[in-house]
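These are my notebook entries on one model. I record below what I looked up, entry by entry.

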Amino acid sequence: MTRRGNDDGPRDRRGYARASTMAKPDLMERVVNLCKRRGFVFPSSEIYGGFRSTWDYGPLGVLLKRNVKDAWWTSMIQLRDDIVGLDSAILMAPRVWEASGHLETFTDPLVDCRHCQQRFRADQLPPSGACPHCGAKDGFTDSRAFNLMFKTHVGPVEDEAAVAYLRPETAQGIFVNFANVQTTTRKKPPFGIAQIGKSFRNEITPGNFVYRTREFEQMEMEFFVPPEDGERWFEYWCDQRLRWYGEHGIPEAQLRLRPHDPEELSHYSVATADVEFDFPWGWGELEGIANRTDFDLRAHAEHSGQDLSYYDQEHDRRYVPHVIEPAAGADRATLAFLLAAYSEEEVAGERRTVLHLDPRLAPIKVAVLPLSRHERLLPVVEEIAGGLRPHLMIDVDSAGSIGRRYRRQDEVGTPWCVTVDFETLDDKAVTVRDRDTMHQDRVPAEQLNAYLLERLP
Ligand code: GAP
């Protein structure tokens, strides 16, 4: 068995080695295959040939992504008293996008290849000048600005007055609710508003599985601070957010914080740093942390005519809060956790595939496995499963040999397997097998809940 200490590759905080010996393209292919084969992620509209650029999360994927979002929500809201939640609408007044600058500046430079008619982002063309699709040299049209927002119409008349947009970020729903949330919660800066939700961008070149899609989920938090404290809080959130990925299982060596060069900054930002993950194709953004200053609240105050300043009673002064924004993608984080957790190991001459997911993220926490389908075991299995279900997401699996069932659970990252055997009928105890160490403990059935809950971080 290859385990702790078997190679020099990346390790997570518990010291487990990762799939470091595997060629990177292989790793991506294997994870994508696993996702399809075990029901994590399916191509969207697959029976119609797919709809390139959107993906569907299957029974295990929906649990994994939900756990990623819950982990973010727990760290942002539940474990703090200075951040509150929000769930704002996807369709908003079109003037929001005028004020935010999205109508004018949320564009990518687009070029067409004159030979094969494929479209590309001008800033992503290879230095050789060859078309990435047909290889023709220097045959591109002039670059033009392409707005990434999806347009739609509200109501029955499809004219200009009815145009609306699917939100390209969740952040604006937070800014336009700043006064509502601040007055109803009576929070004083520094305080934050967090939300998780779908965003839509008409990306020119979607790709790399769920990394860049046209419909995706964001986990964004806007942290409102007194103007003079912006820099300090920017540093604080860069540190917190980088740490969060490590604490949830990504080895340090696969994470980095990359500050943006001045020419890279968005129109609203004076400082941005990306948390990046070492994806199989290279370093890629998981999350951006930006110092947005008072750009957004000022812009919305101007366009709406509403006062979005804050009166600081203690110091008798009025100011427009500055905003520090950690903006993460739930799909990218899910993919990074999967890639970092994937491992193929040799156990007693046999290979096993394991997802060493942090137990908080694992889709299924416990699998209950009867040693056989013998009729005397089944009522005991039902009783044990019934005792666990209200507390933990479980699976009951009785098909195939016990070794095969362990492998199936390892492959989807289930941290514990509970085996019910014939001895259970006499000693009222079960065997609990740990996914990572494969160590087995005999545990009295009545202490099983406590045993498992104690081991969840
Ligand atoms: N409010 C700021 C904002 O939206 P962003 O860097 O454009 O900033 C934040 O997006 C995060 O949303 C990114 O770091 C990424 O994780 C995710 N994201 C953005 N575009 C995406 C796409 N097309 N597909 C999947 N995730 C995306």
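The model is predicted, so I note its terms: local features need pLDDT of at least 70, side-chain atom pairs count only at pLDDT 80 or more, and totals for chains, interfaces and linings use all residues. Residues are numbered from 1 along each chain as its sequence is written, and side-chain values use heavy atoms, with hydrogens and water left out.

Helices (H or I, at least four residues) and strands (E, at least two) are DSSP runs, numbered from the N terminus. Two strands pair if DSSP finds at least two bridges between them.

I traced Gly85 to strand 3 (residues 83-85), which runs parallel to strand 9 and is joined to it by three bridges. I then followed strand 9 to strand 10, where the pairing is antiparallel over ten bridges. In that pairing I found Phe191 opposite Phe224 of strand 10. I also looked up burial (buried means under 20% relative accessible area, exposed over 50%, partly exposed in between, with a 1.4 Å probe and protein chains only). Nine of the ten residues of strand 9 are buried, so the strand is largely enclosed by the rest of the structure.

**Backbone exceptions**

I recall that most residues other than glycine have a negative phi, and that most peptide bonds are trans. I therefore listed departures from this rule.

The peptide bond between Pro189 and Pro190 is cis, with omega about 5°. Pro190 lies in the loop between helix 6 (178-185) and strand 9 (191-200).

Asn208 has a positive phi, near 55°. I placed Asn208 in the loop between strand 9 and strand 10 (215-225); at 37% relative accessibility it counts as partly exposed.

Asp316 also has a positive phi, near 45°. I placed Asp316 in the loop between strand 14 (310-312) and strand 15 (317-319); at 56% relative accessibility it counts as exposed.

**Helix 1 against helix 9**

I looked up the packing of helix 1 (residues 24-38) on helix 9 (residues 330-341): the angle is about 110° and the axes are 10 Å apart. Axes are lines fitted to C-alpha atoms, for helices over the stretch in contact, and angles run from 0 to 180 degrees between N-to-C directions. The two helices are therefore roughly perpendicular (65 to 115 degrees). The contact (heavy atoms within 4.5 Å) is made by Leu27, Met28, Val31 and Cys35 of helix 1 and by Leu335, Leu338 and Leu339 of helix 9.

**A hairpin**

I found strand 17 (residues 342-347) and strand 18 (residues 350-355) paired in the antiparallel sense over six bridges. Tyr342 stands opposite Leu355 of strand 18. The two strands form a hairpin with two residues between them, and Ala348 in the turn has a positive phi of about 45°.

I recorded an open sheet of five strands in the order 20-19-21-22-23, with mixed pairing. Strand 20 (394-396) and strand 23 (440-444) stand at the edges, each with a single partner strand, so one side of each has no neighbour in the sheet. Strand 22 (residues 429-434) runs antiparallel to strand 23, and five bridges join them. Within this pair, Thr431 stands opposite Arg442 of strand 23.

Helix 10 (residues 378-388) packs on the sheet, touching strand 19 (366-370), strand 20, strand 21 (416-420) and strand 22.

Notes: Angles under 35 degrees count as roughly parallel, over 145 as roughly antiparallel, 65 to 115 as roughly perpendicular and the rest as oblique.
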